[in-house]
Amino acid sequence: MAISDAYLEELRSKNDVENVISSYVTLRRRGRILTGLCPFHNEKTPSFTVYPETQSYYCFGCGAGGDVITFIKNINNLDYIEAVKQLADMSGMAPPESNFDNGLTKQRLRMFEINREAAKFFYKALYSPLGKNCLAYYRKRGLSDETIKHFGLGFAPENYNDGLYKHLKSLGYNDLELFQANIIRKNEKSYYDAFKNRAMFPIIDIRGNVIAFSGRRLNEDDPRKYVNTSDTLVFKKGSNLFALNFAKSSKREGLILCEGNMDVISLHQAGFDNAVAGLGTALTEEQASLISRYANTVYLCYDNDDAGQKAVDKALRIFSKTGIKIKVLHLQGGKDPDEIIKNCGADYFRSIIEGAANDIEFKLLNAQHNFDITTSDGKLNYLNAAVDILASLDNSLERDIYSSRLSELGVSKTAIDEQIARKRASNDRRKKKVDFENIRRSTVAPKDRHNPDRTLHPAAVRAEEQLLTNIIFSPDCYKSVKEKITADDFVSLVNGHIFKVVSERIENARSLDLTVVSQELTDDEAAVYSKLLTSSDTVGKTVKECEDCIKAIISEKHKNEQKRASDMSNDEFMEAFKQLGNK
């Protein structure tokens, strides 16, 4: 059973695509459209475009596209029905009929339930006699009972009431469900608990669902300090952040990005409830994009050891593509935030935040540490490194401020500015070469991740897209040419399915708006459909143009069939020829 067109049309009318997307992406109006930095890939130049007239969006950088449902689905990692329900809830509509829930939705809901029951099990075990050592560990780290409860911390014992596996089995969950949730694992003989003798940290998404766990060893002889839930249907490690469910509601400025869970928990307990952390991986572009949706400023709070500083360098590169303001904390008084709070207190840590350096200041300071500026050679090498850093700045006022500071080393500001100008010119030439090469490569072998057939059969796919655009915007054209082509004539499987959906809707006098059509399309097909909606001005919307497109499609199809025939063996060709004669 599908959701009715009437329901989806009402949902669309109450969830304007511009209003919904603008809560995630900073949009700027350009005539009839709006543009912004794409939330689905990192970019410096806006290529993400919103079209209020067609209630759609399309990114000319990565090809992501669709309607308001598709956007909510992909931005929040939901399935289609969950996205519809979220939009319905946002607009005060009743949810679609519950019997629509598909298997994937039910599987996700069961996984959420399993994780919630596991979290309750771990919390209960913590305050049992078996959890004595784990509770002592939390106490040693300075955590109060209130903080433990707030974060839902727990303990995974070796064996408690026959173990988590048997406990969840008694609640009616089967082996496959538990295994897919990564709560249990298996060997050749049996299933067993994934977490044993570990301090447990539940990972909770922004909607309050327990989606995964991170378990810290209590036995220091264990070679694995942390064991984390693997990627599942409800959890992707590189797309989530620890404690974002709390930090997103903080009244403090920005988000503090830490390395570990305990750093975050200690900061929250000390009043810094805007702290978050990655989940056992180096910072990813998806996590940076997620942070930029909830904050205008990110404070990088990494350990002050070599590994921590390398992590800062990588984070600076990733965040530079998001447009978010970056500040770097210079940690003193301990190796990490947890230790600093214990040694020096919350007020001292607040002063560290207030004295945070921006990304350019941090880079200049780091560069200075590499050279002895009391010597002529050291000073020259530092100034050259600093020029490289300042040449990356597009803002001329910022460059002027920092070049003035550099001139305090006894070199004229004019000389420094000249070197910066030369470096920028060199960078521009290099960038133009790279851009030209990228254009050349894309022209020679264009790639389309949403419609890979475009690369193999560019002429056919162009004709297919032109035909589809014509009939979407002028359904009467379809009625005049429908006997001349079928979905099987399309070289592209994506375009063929779109044609099938569109033609059936025209035959039944149903809407072709993307919001009602998208439930019948895959994400890739929705992206292609969205792109077609941007091409209205490039087609004539005439029967003659449709007929020309059909001739091109059929011609390309015959060419491909002839190529395939040339690859046949003699026996295969004769068999195909006989079958053709019997038609």
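**Close-up 1. Helices α21 and α25 cross with axes within 9 Å of each other.** The axes of α21 (residues 458-473) and α25 meet at roughly 70 degrees. Axes are lines fitted to C-alpha atoms, for helices over the stretch in contact, and angles run from 0 to 180 degrees between N-to-C directions. The two helices, α21 and α25, are therefore roughly perpendicular (65 to 115 degrees; under 35 counts as roughly parallel, over 145 as roughly antiparallel, the rest as oblique). From α21, the residues E465, L468, T469, I472 and F473 meet Y529, L532 and L533 of α25. Contact means heavy atoms within 4.5 Å. The residues of this contact comprise six nonpolar, one polar and one charged (nonpolar: Ala, Val, Leu, Ile, Met, Phe, Trp, Tyr, Cys and Pro; charged: Asp, Glu, Lys and Arg; polar: the others, Gly among them).

The model is predicted: local features need pLDDT of at least 70, side-chain atom pairs count only at pLDDT 80 or more, and totals for chains, interfaces and linings use all residues. Residues are numbered from 1 along each chain as its sequence is written, and side-chain values use heavy atoms, with hydrogens and water left out.

**Close-up 2. Five strands form an open antiparallel sheet.** The order is β1-β2-β3-β4-β5. β1 (28-30) and β5 (65-66) are the edge strands, each with a single partner, so one side of each has no neighbour in the sheet. Helices (H or I, at least four residues) and strands (E, at least two) are DSSP runs, numbered from the N terminus. Two strands pair if DSSP finds at least two bridges between them. β4 (residues 56-59) is joined to β5 by two bridges, and the two run antiparallel. Y58 has G65 in β5 as its bridge partner.

**Close-up 3. Helices α3 and α25 lie across strands of the five-stranded sheet.** Helix α3 (residues 68-75) lies across β3 (48-51), β4 and β5, at about 55 degrees to β4. Helix α25 (residues 523-533) lies across β4 and β5, at about 100 degrees to β4.

**Close-up 4. Four strands form an open antiparallel sheet in the order β6-β9-β10-β11.** β6 (154-156) and β11 (226-228) stand at the edges; each has a single partner strand, so one side of each is left without a neighbour in the sheet. From one strand to the next, the twist averages 35 degrees. Helix α6 (residues 132-140) packs on this sheet and touches β6, β9 (198-204) and β10. The direction of α6 makes about 70 degrees with that of β9.

**Close-up 5. β10 and β11 pair in the antiparallel sense.** Three bridges link β10 (residues 210-217) to β11. S214 stands opposite N228 in β11.
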